Amino acid sequence: MQKMTMTKKLWGSLGIIWVAMLVLVGWGAWETRLTMLEERRNAMGDYVDMAINVIGDHAERSERGELPLAEAKRRAASAVREMTYDQGRGYLYIFNGDYELLAHPRLPVGTSVADFQNEEGRYLFREFVEDVKTDDGVVDYLWAHASDEDALAEKSSLNVLFEEWGWYIGTGVYVDDIDSAFLASLTHYLLALLGIGIPVSLLMGLVIRGVTRRLGGDPHYAAEMVREIAEGRLDHAIRLGDKDRDSLLFDIERMRAALAGTIGDIHRSTDEVNGVVEEIGAGNDELATRTEQQAASLAETASSMEQLTATVKQNAEHSGKARELAGETASNAARGHESMARVEASMSGINESAGQMSTIVDTIDSIAFQTNILALNASVEAARAGEHGRGFAVVAEEVRNLASRSSQAAQEIKALIETSDGKVVEGTRMVQETGKIIEIMVTDIQQLSTLIGEISSASEEQSHGIEQVNEAVSQMDRMTQQNAGLVEEHSAASQRLIVQSHQLRDHVARFSIAASGRRQGTSETLEASPDTEQRQSVADSSQYEMADA
């Protein structure tokens with residue numbers, strides 16, 4: 001079956017469809033026959049049930065005492081004998097267990113039917129009794145038709161036992177018209193099938209022909225070629241007809257040629273991409289190493305900057321304290337300069353007082369000298385006075401001694417004053433020199449305070465700047481850490497890309513293409529497609545492949 005061509009399979013399928021439709025037609029007609037037969041048997045059951053009801057009614061009347069049993073049986077048999085259907089062609093009959101007829105429209109009562117045989121030689125009434133006991137009471141047999149007694153027709157009888165009286169009630173119908181209806185129905189279905197099936201078959205024939213032409217060959221061969229393409233074997237050209245330009249095989253061949261060229265380009269590009277990816281991976285590894293080293297250096301730098309920031313802050317604090325101390329020292333020096341000025345003024349006052357004391361001493365000395373002279377004069381006068389002037393002379397002597405001692409004391413005081421005045425002058429000079437030195441110290445201390453203030457401001461600015469630098473270094477450290485993480489991610493991505501590149505190369509390696517690669521596939525396609533549109537499409541695909549390459 002697998003060696004059959006697709007055309008044979010399609011025509012074989014069409015034949016199978018015809019056989020299936022014929023079977024369905026026959027089956028439908030047979031189902032119709034069975035339905036009609038079932039309806040006939042159901043009708044017989046209805047008629048027999050009516051007879052059973054009549055007999056049962058008379059049996060109930062006999063039981064109630066309305067009729068004697070014999071009279072009830074007679075009337076019941078008479079009533080059943082009168083029951084006909086199908087325009088009198090159908091009737092019912094009754095016989096008992098002794099095979100004696102109790103009711104029959106054509107045979108007298110009491111006729112024995114135990115040995116009655118039909119044309120087939122069958123003891124029908126015996127079969128009726130056996131079938132009632134063992135089955136549904138339906139018996140099919142041949143019987144002379146009422147319209148033609150020489151012709152036998154199929155007939156079916158239904159028999160039921162009325163157990164209370166031991167009666168067998170039955171009836172029969174001909175079923176030969178069911179076969180005629182079956183044949184008529186079958187003929188009708190066949191004509192309808194031919195009326196519909198022949199045009200459909202012609203249409204399917206045209207479709208099969210179109211499909212085979214559109215395929216360009218046997219579908220099994222097309223499937224085999226597609227399977228080879230799916231398995232990566234692109235180096236086998238597809239066999240085509242001389243004038244085949246629009247079939248599926250022709251398009252498959254175009255696809256194979258274009259795919260061969262594309263896979264060839266992808267294979268070369270994959271090798272190049274693999275090399276580039278490996279270089280990127282190596283670069284990422286080196287960059288990761290350098291980034292880690294840079295991160296470590298930045299961490300050390302950040303630690304050093306933190307220490308430097310702390311040191312600069314401490315220097316700034318010390319500079320502030322020094323500026324405060326320098327300010328206090330300048331204030332103290334200014335107060336010392338003021339004190340020295342006051343000392344200098346005091347020394348000048350002492351010097352002036354010493355000068356005044358020297359003048360006073362000179363005055364005392366002059367007075368002592370004059371007193372001495374007056375004492376001498378008084379002594380002279382006392383000497384002249386004699387005894388009368390002796391006491392005066394003593395007084396004069398004492399005055400003279402006192403004057404002498406005053407003059408001597410004045411000289412000593414003068415000498416002391418002169419000594420003190422020299423020391424005061426020297427002290428004044430030294431105080432002036434000290435005041436000048438303190439004034440210079442005050443100026444220097446003020447300049448030192450200014451310089452320390454500038455150093456403190458510069459230290460504060462340096463501290464603020466170093467804090468900014470420290471923050472910048474910390475940000476650089478964080479960014480470097482983030483960059484290191486990104487580099488690690490990029491490195492991992494590069495490794496995954498390398499794996500994907502290897503996998504892509506392995507996938508592309510599945511495809512086997514001709515040595516000439518894309519050029520051969522394109523030239524084959526151009527030779528196989530002379531029309532303009534197909535040439536244009538192949539040219540476009542070639543340009544696309546060249547652009548990709």
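## Reading strands and a helix in a predicted model

Trainee: Thanks! What should I know about the model itself?

Mentor: This is a predicted model, where local features need pLDDT of at least 70, side-chain atom pairs count only at pLDDT 80 or more, and totals for chains, interfaces and linings use all residues. Residues are numbered from 1 along each chain as its sequence is written, and side-chain values use heavy atoms, with hydrogens and water left out.

Trainee: What average pLDDT does the protein chain have?

Mentor: pLDDT is the predictor's confidence in each residue, from 0 to 100. The protein chain averages 75, and 86% of the residues score at least 70. Be careful with residues 517-549, where pLDDT stays under 50 and the model has 37 contacts beyond four places in sequence.

Trainee: Back to the helix. Which residues of α3 are buried?

Mentor: A general idea comes in handy: an α-helix has 3.6 residues a turn, so residues three or four places apart point the same way. In helix α3 (residues 124-134), the buried residues are L124, F125, F128, V129, D131 and V132. Seen down the axis of α3, these fall within an arc of 165 degrees, so they line one face of the helix. That arc is taken from the directions from the helix axis to the C-beta atoms. Turned away from the buried side is a face that carries the exposed residues K133 and T134.

Trainee: How do I read a strand such as β6? How many of its residues are buried?

Mentor: For a strand, look at each face in turn. Strand β6 (residues 167-174) has 8 of its 8 residues buried. On one side sit W167, I169, T171 and V173, on the other Y168, G170, G172 and Y174, and both faces are covered.

Trainee: Which strands pair with β6?

Mentor: Two strands pair if DSSP finds at least two bridges between them. Strand β2 (residues 90-96) runs antiparallel to β6, joined by 5 bridges. Across that pairing, F95 stands opposite Y168 and I94 opposite I169. Strand β5 (residues 152-162) is also antiparallel to β6, with 8 bridges, and here V160 stands opposite I169. The hairpin of β5 and β6 has 4 residues between the strands, and G166 takes a positive phi near 75 degrees.

Trainee: And β2, is that strand buried or exposed?

Mentor: β2 is mostly covered, with 7 of its 7 residues buried. G90, L92, I94 and N96 point one way, while Y91, Y93 and F95 point the other way. Strand β1 (residues 84-85) pairs with β2 in the antiparallel sense over 2 bridges, with T84 opposite Y91. Strand β3 (residues 101-103) is joined to β2 by 2 bridges, again antiparallel, and A103 is the bridge partner of I94. In the hairpin of β2 and β3, Y99 takes a positive phi near 60 degrees.

How values were computed
Buried < 20%, exposed > 50% of the residue type's maximum accessible area, 1.4 Å probe, protein only. Contact = heavy atoms within 4.5 Å.
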